[in-house]
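This briefing concerns the charged side-chain contacts of one protein model. Please look through the sequence and the structure below before reading the notes that follow.

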Amino acid sequence: VSFGYTQVSPQEKTRKVGEVFSSVARKYDVMNDAMSGGMHRLWKDRFVKRVKPQPGEQILDMAGGTGDIAFRMVERGAHITVADINQDMLDVGAERALERGAGEGEGSLVFTCQNAEQVSFPNNSFDAYTIAFGIRNVTHIDRALAEAHRVLKPGGRFFCLEFSTVEWSGLKEAYDIYSEHLLPRMGQAIAGDADSYRYLAESIRKFPPMPAFEAMIRSAGFANTRVEPIMGGLVAIHSGWKI
Ligand code: SAM
(Lines give C-alpha, C1' and ligand atoms only; values in the text may rest on other atoms or scores of the structure.)
Protein backbone atom coordinates (compact mmCIF):
# COMPACT_ATOMS: atom_id res chain seq x y z
CA VAL A 1 0.00 0.00 0.00
CA SER A 2 1.40 3.41 -0.70
CA PHE A 3 0.50 6.74 0.76
CA GLY A 4 1.83 10.11 -0.29
CA TYR A 5 4.19 8.27 -2.65
CA THR A 6 5.80 6.18 0.12
CA GLN A 7 5.09 2.52 0.86
CA VAL A 8 3.14 1.91 4.06
CA SER A 9 1.69 -1.14 5.84
CA PRO A 10 -2.08 -1.87 5.86
CA GLN A 11 -2.32 -0.71 9.50
CA GLU A 12 -0.57 2.49 8.54
CA LYS A 13 -3.02 3.06 5.65
CA THR A 14 -5.98 2.73 8.07
CA ARG A 15 -4.35 5.25 10.42
CA LYS A 16 -3.53 7.71 7.62
CA VAL A 17 -7.08 7.51 6.21
CA GLY A 18 -8.27 8.35 9.73
CA GLU A 19 -6.00 11.40 9.82
CA VAL A 20 -7.07 12.55 6.38
CA PHE A 21 -10.78 12.54 7.19
CA SER A 22 -10.36 14.04 10.65
CA SER A 23 -8.37 16.80 9.04
CA VAL A 24 -10.91 17.51 6.27
CA ALA A 25 -14.18 16.82 8.19
CA ARG A 26 -15.13 20.47 8.82
CA LYS A 27 -14.33 21.53 5.25
CA TYR A 28 -15.46 18.31 3.60
CA ASP A 29 -18.76 19.56 2.17
CA VAL A 30 -17.34 22.85 0.84
CA MET A 31 -14.44 20.96 -0.74
CA ASN A 32 -16.75 18.49 -2.47
CA ASP A 33 -18.54 21.35 -4.20
CA ALA A 34 -15.29 23.08 -5.12
CA MET A 35 -13.52 19.96 -6.36
CA SER A 36 -16.36 18.62 -8.48
CA GLY A 37 -17.87 21.94 -9.55
CA GLY A 38 -21.02 20.86 -7.73
CA MET A 39 -21.28 17.69 -9.83
CA HIS A 40 -21.06 15.35 -6.82
CA ARG A 41 -24.63 16.42 -6.00
CA LEU A 42 -25.86 15.14 -9.38
CA TRP A 43 -23.91 11.88 -9.04
CA LYS A 44 -25.38 11.33 -5.58
CA ASP A 45 -28.92 12.11 -6.81
CA ARG A 46 -28.48 9.57 -9.61
CA PHE A 47 -27.05 7.00 -7.19
CA VAL A 48 -29.99 7.27 -4.79
CA LYS A 49 -32.41 7.07 -7.72
CA ARG A 50 -30.81 3.73 -8.63
CA VAL A 51 -30.98 2.45 -5.01
CA LYS A 52 -34.72 3.31 -4.93
CA PRO A 53 -35.11 3.40 -1.15
CA GLN A 54 -38.62 2.39 -0.11
CA PRO A 55 -40.52 3.61 2.95
CA GLY A 56 -39.79 1.36 5.93
CA GLU A 57 -36.67 -0.27 4.45
CA GLN A 58 -33.57 -0.74 6.59
CA ILE A 59 -30.53 0.64 4.77
CA LEU A 60 -26.90 0.68 5.87
CA ASP A 61 -25.02 3.67 4.44
CA MET A 62 -21.42 2.59 5.00
CA ALA A 63 -18.65 5.21 5.00
CA GLY A 64 -21.59 7.59 5.20
CA GLY A 65 -19.43 10.47 6.47
CA THR A 66 -21.32 13.73 6.76
CA GLY A 67 -24.60 12.22 5.58
CA ASP A 68 -25.07 13.29 1.94
CA ILE A 69 -26.42 9.91 0.82
CA ALA A 70 -28.34 9.24 4.03
CA PHE A 71 -30.25 12.55 3.87
CA ARG A 72 -31.37 11.78 0.32
CA MET A 73 -32.59 8.31 1.37
CA VAL A 74 -34.30 9.24 4.63
CA GLU A 75 -36.42 11.75 2.70
CA ARG A 76 -37.97 8.75 0.98
CA GLY A 77 -39.05 7.24 4.29
CA ALA A 78 -36.31 4.63 4.73
CA HIS A 79 -34.57 3.88 8.04
CA ILE A 80 -30.90 4.70 7.59
CA THR A 81 -27.94 3.58 9.65
CA VAL A 82 -24.99 5.82 8.80
CA ALA A 83 -21.77 3.98 9.63
CA ASP A 84 -18.28 5.46 9.33
CA ILE A 85 -14.88 4.71 10.83
CA ASN A 86 -14.31 8.39 11.57
CA GLN A 87 -16.12 10.01 14.49
CA ASP A 88 -15.24 13.55 13.30
CA MET A 89 -17.05 12.96 10.00
CA LEU A 90 -20.04 11.45 11.86
CA ASP A 91 -20.14 14.44 14.24
CA VAL A 92 -20.43 16.83 11.29
CA GLY A 93 -23.13 14.55 9.84
CA ALA A 94 -25.13 14.50 13.08
CA GLU A 95 -24.94 18.32 13.32
CA ARG A 96 -26.16 18.65 9.74
CA ALA A 97 -28.99 16.18 10.45
CA LEU A 98 -30.15 18.31 13.38
CA GLU A 99 -29.99 21.52 11.33
CA ARG A 100 -32.01 19.95 8.52
CA GLY A 101 -34.47 18.15 10.79
CA ALA A 102 -33.53 14.99 8.87
CA GLY A 103 -35.11 11.80 10.14
CA GLU A 104 -37.92 13.63 11.89
CA GLY A 105 -40.46 12.45 9.32
CA GLU A 106 -41.33 8.88 8.47
CA GLY A 107 -37.78 7.64 8.06
CA SER A 108 -35.13 7.54 10.76
CA LEU A 109 -31.38 8.15 11.02
CA VAL A 110 -28.80 6.57 13.31
CA PHE A 111 -25.08 7.38 13.30
CA THR A 112 -22.58 4.74 14.37
CA CYS A 113 -18.79 4.46 14.34
CA GLN A 114 -17.82 1.24 12.53
CA ASN A 115 -15.09 -0.18 10.34
CA ALA A 116 -16.52 -1.50 7.05
CA GLU A 117 -14.17 -4.48 7.33
CA GLN A 118 -15.88 -5.76 10.47
CA VAL A 119 -19.31 -4.42 11.31
CA SER A 120 -21.30 -5.12 14.44
CA PHE A 121 -24.66 -6.01 12.84
CA PRO A 122 -26.09 -9.53 12.74
CA ASN A 123 -26.39 -11.47 9.48
CA ASN A 124 -29.32 -10.61 7.19
CA SER A 125 -30.10 -7.21 8.79
CA PHE A 126 -30.51 -4.79 5.87
CA ASP A 127 -32.57 -4.42 2.69
CA ALA A 128 -29.83 -2.37 1.02
CA TYR A 129 -26.19 -1.45 1.59
CA THR A 130 -24.82 1.76 0.08
CA ILE A 131 -21.25 3.03 0.01
CA ALA A 132 -20.42 6.29 -1.77
CA PHE A 133 -16.84 7.43 -2.30
CA GLY A 134 -15.89 5.20 0.61
CA ILE A 135 -14.68 1.84 -0.60
CA ARG A 136 -11.40 3.07 -2.09
CA ASN A 137 -10.39 4.25 1.37
CA VAL A 138 -10.94 0.84 2.94
CA THR A 139 -7.69 -1.08 3.49
CA HIS A 140 -9.04 -4.58 2.76
CA ILE A 141 -11.79 -4.10 0.17
CA ASP A 142 -12.52 -7.86 -0.01
CA ARG A 143 -13.32 -7.92 3.72
CA ALA A 144 -15.68 -4.95 3.38
CA LEU A 145 -17.51 -6.63 0.48
CA ALA A 146 -17.82 -9.89 2.45
CA GLU A 147 -19.32 -7.94 5.37
CA ALA A 148 -21.72 -6.14 3.04
CA HIS A 149 -22.92 -9.51 1.78
CA ARG A 150 -23.22 -10.94 5.31
CA VAL A 151 -25.36 -8.11 6.74
CA LEU A 152 -27.72 -7.92 3.75
CA LYS A 153 -30.95 -9.91 3.84
CA PRO A 154 -31.45 -12.46 1.06
CA GLY A 155 -32.83 -10.36 -1.80
CA GLY A 156 -30.92 -7.35 -0.48
CA ARG A 157 -29.05 -5.01 -2.81
CA PHE A 158 -25.54 -3.57 -2.80
CA PHE A 159 -24.77 -0.20 -4.40
CA CYS A 160 -21.39 1.47 -4.62
CA LEU A 161 -20.64 4.95 -6.03
CA GLU A 162 -16.95 5.51 -6.61
CA PHE A 163 -14.43 7.30 -8.77
CA SER A 164 -13.24 4.98 -11.47
CA THR A 165 -11.12 4.99 -14.61
CA VAL A 166 -11.81 7.66 -17.20
CA GLU A 167 -12.03 5.94 -20.56
CA TRP A 168 -12.65 8.98 -22.78
CA SER A 169 -9.35 10.18 -24.19
CA GLY A 170 -9.01 13.92 -23.80
CA LEU A 171 -10.99 13.87 -20.59
CA LYS A 172 -8.49 11.35 -19.19
CA GLU A 173 -5.49 13.66 -19.78
CA ALA A 174 -7.34 16.68 -18.43
CA TYR A 175 -8.39 14.73 -15.37
CA ASP A 176 -4.82 13.51 -14.66
CA ILE A 177 -3.53 17.07 -14.74
CA TYR A 178 -6.42 18.21 -12.58
CA SER A 179 -5.97 15.52 -9.92
CA GLU A 180 -2.17 15.66 -9.77
CA HIS A 181 -1.69 19.41 -9.78
CA LEU A 182 -4.89 21.33 -9.22
CA LEU A 183 -6.54 19.19 -6.54
CA PRO A 184 -3.73 19.45 -3.94
CA ARG A 185 -3.55 23.22 -4.56
CA MET A 186 -7.27 23.60 -4.03
CA GLY A 187 -6.95 21.48 -0.88
CA GLN A 188 -4.24 23.85 0.32
CA ALA A 189 -6.18 27.00 -0.58
CA ILE A 190 -9.58 25.97 0.80
CA ALA A 191 -8.80 23.51 3.61
CA GLY A 192 -5.14 24.44 4.31
CA ASP A 193 -4.27 20.82 3.60
CA ALA A 194 -2.56 19.77 0.36
CA ASP A 195 -1.45 16.35 1.63
CA SER A 196 -4.93 15.01 2.30
CA TYR A 197 -6.01 15.92 -1.21
CA ARG A 198 -2.84 14.40 -2.65
CA TYR A 199 -3.87 11.20 -0.87
CA LEU A 200 -7.39 11.40 -2.30
CA ALA A 201 -6.03 11.80 -5.85
CA GLU A 202 -3.64 8.91 -5.36
CA SER A 203 -6.33 6.62 -3.93
CA ILE A 204 -8.48 7.33 -7.02
CA ARG A 205 -5.63 6.41 -9.39
CA LYS A 206 -4.98 3.15 -7.51
CA PHE A 207 -8.58 1.93 -7.39
CA PRO A 208 -9.23 -1.16 -9.59
CA PRO A 209 -10.80 -0.51 -13.01
CA MET A 210 -14.49 -1.30 -13.49
CA PRO A 211 -14.24 -4.95 -14.68
CA ALA A 212 -11.81 -5.83 -11.87
CA PHE A 213 -13.94 -4.24 -9.19
CA GLU A 214 -17.09 -5.87 -10.55
CA ALA A 215 -15.27 -9.24 -10.35
CA MET A 216 -14.44 -8.54 -6.69
CA ILE A 217 -18.13 -7.89 -5.99
CA ARG A 218 -19.03 -11.20 -7.64
CA SER A 219 -16.33 -13.01 -5.63
CA ALA A 220 -17.95 -11.71 -2.45
CA GLY A 221 -21.06 -13.66 -3.46
CA PHE A 222 -23.19 -11.04 -5.20
CA ALA A 223 -25.25 -11.97 -8.25
CA ASN A 224 -26.55 -9.95 -11.21
CA THR A 225 -23.75 -7.42 -10.84
CA ARG A 226 -23.90 -4.30 -12.99
CA VAL A 227 -21.69 -1.32 -13.69
CA GLU A 228 -22.99 2.05 -14.80
CA PRO A 229 -20.18 4.40 -15.84
CA ILE A 230 -20.92 8.11 -15.51
CA MET A 231 -19.00 10.71 -17.56
CA GLY A 232 -16.88 8.12 -19.34
CA GLY A 233 -16.02 6.29 -16.12
CA LEU A 234 -14.93 9.32 -14.09
CA VAL A 235 -17.44 7.94 -11.61
CA ALA A 236 -19.24 4.58 -11.66
CA ILE A 237 -22.17 2.93 -9.92
CA HIS A 238 -21.55 -0.75 -9.19
CA SER A 239 -24.41 -2.90 -7.96
CA GLY A 240 -25.20 -6.49 -7.10
CA TRP A 241 -27.79 -8.63 -5.33
CA LYS A 242 -27.62 -11.12 -2.50
CA ILE A 243 -29.77 -14.05 -3.55
N1 SAM B 1 -20.32 8.81 1.72
C2 SAM B 1 -19.96 10.19 2.03
C3 SAM B 1 -20.19 11.06 0.82
O4 SAM B 1 -20.44 10.52 -0.26
O5 SAM B 1 -20.12 12.29 0.94
C6 SAM B 1 -18.53 10.30 2.56
C7 SAM B 1 -17.43 9.90 1.62
S8 SAM B 1 -15.82 10.28 2.21
C9 SAM B 1 -14.95 10.63 0.71
C10 SAM B 1 -15.14 8.73 2.66
C11 SAM B 1 -15.53 8.25 4.03
O12 SAM B 1 -15.07 6.89 4.18
C13 SAM B 1 -14.91 9.02 5.17
O14 SAM B 1 -15.90 9.54 5.99
C15 SAM B 1 -14.06 7.98 5.90
O16 SAM B 1 -13.96 8.18 7.28
C17 SAM B 1 -14.78 6.69 5.55
N18 SAM B 1 -14.00 5.47 5.71
C19 SAM B 1 -12.72 5.24 5.35
N20 SAM B 1 -12.35 3.99 5.67
C21 SAM B 1 -13.42 3.40 6.26
C22 SAM B 1 -13.66 2.11 6.81
N23 SAM B 1 -12.71 1.17 6.83
N24 SAM B 1 -14.87 1.85 7.34
C25 SAM B 1 -15.84 2.80 7.34
N26 SAM B 1 -15.67 4.04 6.83
C27 SAM B 1 -14.48 4.34 6.29
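A salt bridge here is a side-chain nitrogen of Lys or Arg lying within 4 Å of a carboxyl oxygen of Asp or Glu. The model is predicted, and a search of the whole structure finds 20 salt bridges.

- Arginine 72 and aspartate 45 are joined through their side chains by a salt bridge, with an N to O distance of 2.7 Å; the pair connects distant parts of the chain, since arginine 72 belongs to helix α4 (residues 68–74) and aspartate 45 to helix α3 (residues 39–51), 27 residues apart.
- Of these two partners, arginine 72 counts as buried at 18% relative accessibility, whereas aspartate 45, at 40%, counts as partly exposed.
- Glutamate 228 and arginine 46 also meet through their side chains in a salt bridge, at 2.9 Å from N to O, and this pair links strand β8 (residues 223–230), which holds glutamate 228, to helix α3, which holds arginine 46, across 182 residues.
- Glutamate 228 has a relative accessibility of 11% and therefore counts as buried, the limit being under 20%, while arginine 46, at 33%, is partly exposed.

- The side chains of aspartate 33 and arginine 41 form a salt bridge with an N to O distance of 2.7 Å.
- Aspartate 33 is partly exposed, with a relative accessible area of 24%, and arginine 41 likewise counts as partly exposed, at 44% relative accessibility.

Methods: Residues are numbered from 1 along each chain as its sequence is written. This is a predicted model: local features need pLDDT of at least 70, side-chain atom pairs count only at pLDDT 80 or more; totals for chains, interfaces and linings use all residues. Side-chain values use heavy atoms; hydrogens and water are left out. Buried means under 20% relative accessible area, exposed over 50%, partly exposed in between (1.4 Å probe, protein chains only). Helices (H or I, at least four residues) and strands (E, at least two) are DSSP runs, numbered from the N terminus.
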